[in-house]
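Please keep the sequence and the three-dimensional view at hand while reading.

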Amino acid sequence: MSSVAVYGTVLGLYLAVLIAMGLWMGRRTRSAEDFYIGGRQVGPWVTAFSFVAAYFSSVVIVGGGAFGYRFGMSTLWIAASNVLIGCTLAWIVLGRRVWEFTKRLDTMTIPGFIGRRYGAREAEVFSALVVFVFMIVYNVSVLVGMGRIMEGLMGIPYVTGVLIAGTIILIYVSIGGYLAVVWTSFVQAWIMIFGLLLLGFAALRAVGGISAAAVSLAAIDRGLVETPGVWGWGGLVSFALIVSFGVWGMPQLLVRFYSMKSTRVLRLGTVLATLGGAMALFPYLTGALSRLLLPALDNPDLAIPMLTKQLLNPWGGAIFLAGVMAAGMSTFASVLIIVSGAIVKDLLGGRKTNGARIARADAKKDPDRGGSREVRLGRVASLGAGLVSLLIALRPPALVLVITAFAWAVIASACLWPVVLGVYWKRGTRAGATSSMIVGAVVALGWMAAGRPLGVHGFIPGVLVSLLVFVFVSLATKPPPRELIDRAWGKGEVSADV
């Protein structure tokens, strides 16, 4: 059997399983809460590993490998920050509070949380627009990663690879909603981990071990084994922060905390997410090693696909291909649910917020609006957002990880502080949240448009300015109404054992 036939067989079976899971979960999706957050009934293993799969997508595998190829061993610091800040600390600092606050406020989206927490419909709309636009940009990078890996391993045209991957995802997400996303992501996380281990150890064996690799890389350029090396402190630190601390403002990851069945999930989930997140080390390491095995690559995004083809037999390559496809699909699917929620729940929901008064449709009183109609709208919105991403991905710009960092910078600059301070600081006000979101997004965009002065990514000035504006404006304006704070914090904690 030829290598292409092996790849096609393994990938075909894998994609068939995903579609079957989507159809099965579609039978369990009856309400808007089921479609967007799985009815808040997801356990620790599925929550943790779906978090990992959505976090470390094909962007990290393909794009992280490309950065490792270009910048060498210093990129391992990015992976370390992913594990410590993006996984462990995110679960410890945000997990319990996000679950409790969103349960009290009865919200299913990040824009919805911001709107209700601060009594600010304008903040909800602005954050929904940011999520809608820049999550689609992010999804483009995910599709690019999947297209590149299929191009490199199977020899099929890039456009065909993008269309195959995107179409399968659109089918199971639009049918199964969030439950399909988290359960397929759970399976995909294990495939990703196995594939990365397989390629990583094969690469180490091919270069004679980590010590020999370091000596060989130093002979090319000492910057490839030193910190910060050829990248420089500005680029390395700012990029590490955006893909780790920036996670704290990313809706497709925060929604995992919404969907937990109780805060007991956090005890085991934090450990599992940390262990699973450790796989982030392998793409950067393998990318750096590929500099020795593939010294003349024109496009660093092809480092991981070409290395796989060179080191692994067809069956091993097929498993790794499935792992990369799993990584991309889990993230793409998660983002589609978030974008769908931003459109249906936050932009079209007609929710009006004024102080503590929130006029909204009650699903129990209006079952059509709160149930089947909203699910239908969610499916249509996810399909529409996915099609837009597909069209843009057919002619993508720049390196995969560059596109991702651009999108994450704007989303995090707008949403991070209203979320983090929203669950810790009672003094945060409507004006403070709204102004910080607008200024943070504008500064991040402006900084990147200016060519990233000093080599610092737009995320750093965007988040810093957003924090300063949030605090100063909140302290300069009237405290939020007592009834709004009582609603958000409650007279007691929501039971962790519900």
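Among contacts in the protein between residues at least 6 apart in sequence, what percentage join residues at least 24 apart? The figure is 87%. The model is a predicted one, and the protein in it has 21 helices and two strands.

**Overall build**

- Of the 498 residues in the protein, 62% are buried.
- The accessible surface amounts to about 17,700 Å², and carbon and sulfur atoms account for 67% of that area.

**Helix H3**

- Helix H3 covers residues 44-55, which makes 12 residues.
- From its first C-alpha to its last, H3 reaches 16 Å, close to the 16 Å expected at 1.5 Å a residue.
- H3 is largely enclosed by the rest of the structure, because 10 of its 12 residues are buried.
- Among the buried residues of H3 are Val-46, Phe-49, Phe-51, Val-52 and Tyr-55.

- Trp-45, Trp-190, Leu-268, Val-271 and Leu-275 together make a nonpolar surface patch of about 500 Å².
- Helix H12 (residues 265-277) supplies the largest share of this patch, with three residues.
- Val-271 is found in H12, and its relative accessibility of 44% places it in the partly exposed class.

- Thr-429 sits in the loop between helix H18 (400-420) and helix H19 (430-449).
- With a relative accessible area of 2%, Thr-429 is buried.
- A polar atom of the Thr-429 side chain lies 3.1 Å from the backbone nitrogen of Gly-432.
- Neighbours within four places in sequence aside, the residues in contact with Thr-429 include Tyr-118, Val-473, Ser-474 and Thr-477.
- The contacts of Thr-429 also include Lys-478, Pro-479 and Pro-480.
- Met-437 belongs to helix H19 and is buried, its relative accessible area being 0%.
- Once neighbours within four places in sequence are set aside, Met-437 is in contact with Ile-114, Ala-123, Phe-126, Ser-127, Ala-414 and Pro-418.
- Gly-462 is 25 residues from Met-437 along the chain, and the C-alpha atoms of these two residues are separated by 9.4 Å.

**Backbone features in loops**

- The peptide bond that joins Thr-227 and Pro-228 is cis, with omega at about 5°.
- Pro-228 lies in the loop between helix H9 (210-220) and helix H10 (233-242).
- Asp-106 has a phi near 55°, a positive value in a residue other than glycine.
- Asp-106 is placed in the loop between helix H5 (76-105) and helix H6 (110-118).
- The relative accessible area of Asp-106 is 32%, so this residue counts as partly exposed.

**Salt bridges**

- Side chains of opposite charge can pair when their charged atoms come close.
- Arg-96 forms a salt bridge with Glu-100, and their closest N and O atoms are 3.0 Å apart.
- Both Arg-96 and Glu-100 lie in helix H5, four residues apart, about one turn of the helix.
- An α-helix has 3.6 residues a turn, so residues three or four places apart point the same way.
- Arg-96 is partly exposed at 38% relative accessibility, whereas Glu-100 is buried at 2% relative accessible area.
- The side chains of Glu-122 and Arg-430 meet in a salt bridge with an N to O distance of 2.8 Å.
- This pair links distant parts of the chain, since Glu-122 is in helix H7 (residues 121-154) and Arg-430 is in helix H19, 308 residues apart.
- Glu-122 counts as partly exposed at 34% relative accessibility, and Arg-430 counts as partly exposed at 32%.
- Arg-222 forms a salt bridge with Glu-226, with the closest N and O atoms 3.1 Å apart.
- Arg-222 is exposed, with a relative accessible area of 51%, while Glu-226 is partly exposed, with a relative accessible area of 35%.

Notes. Residues are numbered from 1 along each chain as its sequence is written. This is a predicted model: local features need pLDDT of at least 70, side-chain atom pairs count only at pLDDT 80 or more; totals for chains, interfaces and linings use all residues. Side-chain values use heavy atoms; hydrogens and water are left out. The expected span of a helix is 1.5 Å times one less than its number of residues. Buried means under 20% relative accessible area, exposed over 50%, partly exposed in between (1.4 Å probe, protein chains only). Patches are made of residues with over 30% relative accessible area and no salt bridge: like charges are joined within 9 Å, nonpolar side chains (Val, Leu, Ile, Met, Phe, Trp, Tyr) within 5 Å. Accessible areas come from the Shrake-Rupley method with a 1.4 Å probe; for residues, only the protein chains shown count as cover. A salt bridge is a side-chain nitrogen of Lys or Arg within 4 Å of a carboxyl oxygen of Asp or Glu. Contact means heavy atoms within 4.5 Å. A polar contact is a pair of N or O atoms within 3.5 Å; within protein, one must be able to donate a hydrogen and the other to accept it, and residues adjacent in sequence count only if both atoms are side-chain atoms.
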